[in-house]
Amino acid sequence: MKYIVFILFTVMTNAAAQLMLKQGMMSLGSISFEGANPLLKLLQIVFSPWVFLGLCTFVISMASHLYVLSKVELSFAYPFLSLAYVAVAIFAYFIFREDLNGWRIGGIAFICVGTVLIAQSGRDLGGRGHDEETASLSSDKIHSGIVR
């Protein structure tokens, strides 16, 4: 649970990147590759300010996620990324005036409940975190030459 701040940073930077990409694509308008060099069009999209900032934010989010994966179990960390959908849906409602109907709110509630359940599972490691498990496994390999 001590890495939850890094997990939530990953989630929020992921959500922020999505919002920036949406803003970038809205500012570019309807995209068409008709009569255009696809490579030049792609470069135009990638290097537009909001899209480029969104992609850079994704890189920061991924770096944070890699750090988290080095510290906690994948099956614990990965489900938290679903909270990015929650953040995106809420911010998109306020920023882009996107629909947030009852079905979406219900889905968001399920995501939140599931994430809380997963977060609780992190407390059930019996004081044995990812680092201790890895150290124990490495020690077993050194002493016996095989993984038990």
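Helices α5 and α6 pack at an angle of about 145°, with their axes 9 Å apart. Here axes are lines fitted to C-alpha atoms, for helices over the stretch in contact, and angles run from 0 to 180 degrees between N-to-C directions. Two packed helices are described by the angle between their axes and the distance between the axes. The crossing of α5 past α6 is left-handed. A crossing is left-handed if the near helix is turned anticlockwise from the far one by less than a right angle, and right-handed if clockwise.

The model is predicted: local features need pLDDT of at least 70, side-chain atom pairs count only at pLDDT 80 or more, and totals for chains, interfaces and linings use all residues. Residues are numbered from 1 along each chain as its sequence is written, and side-chain values use heavy atoms, with hydrogens and water left out.

The protein has seven helices and zero strands. Helices (H or I, at least four residues) and strands (E, at least two) are DSSP runs, numbered from the N terminus. From the N terminus on, the order of elements is α-α-α-α-α-α-α. Of the 148 residues, 26% count as buried. Buried means under 20% relative accessible area, exposed over 50%, and partly exposed in between (1.4 Å probe, protein chains only). Among contacts with a separation of 6 or more, 75% join residues 24 or more positions apart. A contact means heavy atoms within 4.5 Å.

Helix α6 spans residues 102-121. Its 20 residues reach 29 Å from first C-alpha to last, close to the 28 Å expected at 1.5 Å a residue. The expected span is 1.5 Å times one less than the number of residues. Three residues of α6, Ile 108, Thr 115 and Ala 119, are buried. They lie on the same side of α6, because they cover an arc of only 40° around the axis. The arc is that of the directions from the helix axis to the C-beta atoms. The face turned away from this buried side carries exposed residues: Gly 102, Trp 103, Phe 110, Val 113 and Leu 117. The cover over the buried residues of α6 includes α4 (74-77) and α5 (83-95).

The N-terminal end of α6 is capped by Asn 101. A side-chain oxygen of Asn 101 lies 3.1 Å from the backbone nitrogen of Trp 103. A polar contact is a pair of N or O atoms within 3.5 Å; within protein, one must be able to donate a hydrogen and the other to accept it, and residues adjacent in sequence count only if both atoms are side-chain atoms.

Helix α5 has 13 residues. It reaches 18 Å from its first C-alpha to its last, close to the 18 Å expected at 1.5 Å a residue. Its buried residues are Leu 83, Ala 84, Val 86, Ala 87, Ala 89 and Ala 92. Their cover includes α1 (4-28) and α6. Where the two helices meet, α5 supplies Leu 83, Tyr 85, Val 86 and Ala 89. From α6 come Arg 104, Ile 108, Ile 111, Cys 112 and Thr 115. Arg 97 lies in the loop between α5 and α6. Its phi is near 60°, a positive value in a residue other than glycine. Arg 97 counts as exposed, at 66% relative accessibility.

Thr 10 belongs to α1 and is buried, at 2% relative accessibility. A polar atom of the Thr 10 side chain lies 2.9 Å from the backbone oxygen of Phe 6. Beyond neighbours within four places in sequence, Thr 10 is in contact with Ser 61, Ser 64, His 65, Val 68 and Leu 81. Asn 14 is also found in α1. Asn 14 and Gly 54 are 40 residues apart in sequence, yet their C-alpha atoms are 8.9 Å apart in space.

Thr 57 sits in α3 (residues 49-69). Thr 57 is buried, with a relative accessible area of 10%. Apart from residues up to four places away in sequence, Thr 57 touches Thr 13, Ala 16, Ala 17 and Met 20. Phe 58 is likewise in α3, but is partly exposed, with a relative accessible area of 24%. The C-alpha atoms of Phe 58 and Thr 10 are separated by 9.1 Å, with the two residues 48 apart along the chain.
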